[in-house]
Amino acid sequence: DAYFPNRSNVFKITNHTSQIVSSEFSPSSRFIASSSFDCDIRVSDTEVCRQISHFKYHSFPVLDLSYD
């Protein structure tokens, strides 16, 4: 699990099945992408505190994330 402050709240990432390797807030700070040793990338909406996307089936863990 990972905890991130969201204004006056704390946002907790819980859906990964292994240790989180990388995380990155979007430029607006509304979304956070996270990757872990489970080889998945998950994107969560920090405003509603829930996952909105799940990218799976990577062959190896994604070690770095960034928004363009």
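Predicted model: local features only at pLDDT ≥ 70, side-chain atom pairs only at ≥ 80, totals over all residues.
Guide: Residues are numbered from 1 along each chain as its sequence is written, and side-chain values use heavy atoms, with hydrogens and water left out.

Visitor: What makes up the protein, helices or strands?

Guide: Zero helices and six strands. Helices (H or I, at least four residues) and strands (E, at least two) are DSSP runs, numbered from the N terminus. Along the sequence that reads β-β-β-β-β-β.

Visitor: How do you know which strands pair in the open sheet?

Guide: Two strands pair if DSSP finds at least two bridges between them. S3 and S4 (residues 31-36) have five bridges, in the antiparallel sense, so they pass that test. Across that pairing, Glu24 is opposite Ala33 in S4. The open sheet has four strands in the order S3-S4-S5-S6, with antiparallel pairing.

Visitor: Why do S3 and S6 stand at the edges?

Guide: S3 (20-25) and S6 (50-55) each have a single partner strand, so one side of each has no neighbour in the sheet. From one strand to the next, the twist averages 20 degrees. That angle is taken between N-to-C directions on a scale from 0 to 180 degrees, with axes as lines fitted to C-alpha atoms.

Visitor: What does the side chain of Thr46 reach?

Guide: The backbone oxygen of Arg30, at 2.7 Å. A polar atom of that side chain also lies 3.1 Å from the backbone oxygen of Ser29. Polar contacts need N or O atoms within 3.5 Å; within protein, one must be able to donate a hydrogen and the other to accept it, and residues adjacent in sequence count only if both atoms are side-chain atoms.

Visitor: What makes the phi of Cys39 and Tyr57 worth a look?

Guide: Most residues other than glycine have a negative phi. Cys39 has a positive one, near 70 degrees, and Tyr57 has a positive one near 75 degrees. Cys39, in the loop between S4 and S5, has 14% relative accessible area, so it is buried. Tyr57, in the segment after S6, has 70%, so it is exposed.

Visitor: Why does Cys49 count as partly exposed?

Guide: Its relative accessibility is 43%, so it falls into the in-between class. As for disulfides (a pair of cysteine sulfur atoms within 2.5 Å), the structure holds zero.

Visitor: What makes up the largest nonpolar core?

Guide: Five residues: Ala33, Ile41, Val43, Val62 and Leu65. The name is for buried Ala, Val, Leu, Ile, Met, Phe, Trp, Tyr and Cys residues joined through side-chain atoms within 4.5 Å. Leaving aside residues up to four places away in sequence, Val62 touches Val21, Ser35 and Ile41, where contact means heavy atoms within 4.5 Å.

Technical notes:
Buried < 20%, exposed > 50% of the residue type's maximum accessible area, 1.4 Å probe, protein only.
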